[in-house]
Amino acid sequence: MKAISKTLTSALALTLMASGLAACSGNNNGEDNNSAPNNSGSATATSDTGSKLDPVTLKIMLFGDRPADLDKVIDQFENQTEDSLNTKLDFEFNPNADHKQKLTLKMSAGETVDAAFDAPWMTLNQNVSLGYYQELDKYFNNDEYPGLKASFSEDFLNANKINGHIYAIPLTNAFYDIDVVYIRKDLREKYGMDPIDSYDDLQAYLENVMKNEKNMIPMGNKGDRGFYKMFNLEDKLTNAKLISGTTPAFNVVLSDDGKKVLGAVTLGDSADKFADLPAPFNDPYYFYPQYDKYVEWNKYIQTDVLSEKDHGALFASGKSAASEGTIGGAASTREKLKSAVPGADIEYFIYNSHVRNMEEGAIGTDYKAWNDIVIPVTSKNIDRTMKLFDWIFSSQENHDLIELGIEGQHWTKDGDRYYKMTDQTSNYLFPSYEFTWSTMSRINGNNDEATLKVLDYQSQNSTYYLQPLSGFTFNVEPVKSEVAKIGPVGGAVDPVFKNGMDKNWKETAAKVNKQMEALGLEKVRQELIKQVQAFLDAGGSN
């Protein structure tokens, strides 16, 4: 994996320089580097130059709010490609909390869907194992699909393969989108506080909100993810890796030379599961420093948090005074808040101290996309769906239309790689992370200089270190029955723990763990250890 990642990041750096993504220190400012290196501007949209295809309507399944002006953009796309692609787009937007379940139900029922959003943190690996998604190898590095060939390098695709094949179009615009807590700058100044630079500062801010803003939620959480990544372990892990894709997730611990699996542990495991691991991993709670803090901070979040589906809307509307997000959303978050609350403004706190200090090698990555588009095997239009994506990635103009909307109406150019928002931008807030993210994605020029500096930091290769087990994907097929049984049990308490709603979380975790043991947890653990060891024995490593 060393060779792969080195080639990938080197190629990426060359691409960014060649693309002229200059700002601050000369690199792109953080929104363009995690999909594959590409030569996006020079690719030819051959789908537009070929003969007219038979008419087809593609059913596309995403989540979130449907952009108000989506039909206007679709009309422009369909008019522009009527004599070539001859394709109509039928988008289905599900509520965030319902997408995973609806996707699973449609796949299990064999319902026709031509393209859908999925991700490793959702159901991607599981659904691949169940045979729900089309293998896409032949569409990449193929002269018949020049847009895809130019936009997705072999190294990047290799890093995103599952069981040796490509089952998804990987969507990323940075190797990582830095996690932040957004706060109200105007309120912080109202309280006479200095800028937030620590968890203690943030807590003092939330206490001031509780004291002074009686009708405002100090911090709004999304119910299913809770405090998300606050208070997470900040240690640089070079011989331990969290393997997600199942519930519960496992932390796999390796020997110092990275050649042997020493164990795989999960929340609630008995102490004997940790006893033979080297320090500090022999501490049963080493991987879980956050849960006690979640309990302490529970008083700041909404009382009905488990039913909350859109914590970002709470903050943007002025109903909460803090909200977790990522740095990539800073400009749009500011605009939404200012529109809803005159005189309001945002700031953010980067809670990982190593990232906050912009240290080199602060963020671990395996160079995998965290968002993907899949083509279900139920689609009767697989080639045509891939031709759509080939068209999107064949030129900057095509990509801009789908991602940003109609130029001059929803956005305006700001140099070669930036864009500016307009008074109609809010009418086309397309979820690009679900459909179009790539190195072609323009950078929001409405960001302030401090944010651009952070975006530049997250675009630099030196910011990252390669995580162990990069390239490994757990194949749940041998234990799919056990995974299906234990998943709902662990999933039921997960949001409770993440929102700090259980003061006795250690005891509850141990109880739930025993319930999962009775349903096959140990079999899943041993299968994971077996697969990781086989991966290492076959040469898979850093």
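The largest nonpolar core of this predicted model has 63 residues, and L202, Y205 and M230 make the most contacts inside it. A nonpolar core here is a set of buried Ala, Val, Leu, Ile, Met, Phe, Trp, Tyr and Cys residues joined through side-chain atoms within 4.5 Å. Buried means under 20% relative accessible area, exposed over 50%, and partly exposed in between, with a 1.4 Å probe and protein chains only. Helix α20 (residues 521-537) gives the most to this core, six residues in total; helices (H or I, at least four residues) and strands (E, at least two) are DSSP runs numbered from the N terminus. Apart from this core sits another, of 46 residues, with A119, F152, A369 and I373 among them.

As for Y205, leaving aside residues up to four places away in sequence, its contacts (heavy atoms within 4.5 Å) include I183, L187, Y191 and A321.

Numbering starts from 1 along each chain as its sequence is written, and side-chain values use heavy atoms, with hydrogens and water left out. Because the model is predicted, local features need pLDDT of at least 70 and side-chain atom pairs count only at pLDDT 80 or more, while totals for chains, interfaces and linings use all residues.

Next, a helix pair. The axes of α18 (residues 480-498) and α19 (residues 505-517) come within 9 Å and cross at roughly 170°. Axes are lines fitted to C-alpha atoms, for helices over the stretch in contact, with angles from 0 to 180 degrees between N-to-C directions. On the α18 side the contact is made by I486, V489, G490, V493 and F497, and on the α19 side by W505, T508, A509, V512, Q515 and M516.

Then the rings: the structure holds 38 aromatic pairs. Rings of Phe, Tyr and Trp (its six-membered ring) pair if their centres lie within 6.5 Å; planes under 30 degrees apart count as stacked, over 60 as edge-to-face and the rest as tilted. F91 and F93 are stacked, since their ring centres are 5.9 Å apart and their planes at 25°. F231 and W297 are edge-to-face, with centres 5.0 Å apart and planes at 75°. This pair links distant parts of the chain, 66 residues apart: F231 in the loop between α9 (199-212) and β6 (240-243), W297 in helix α11 (residues 291-297). F231 counts as buried at 10% relative accessibility, as does W297 at 1%.
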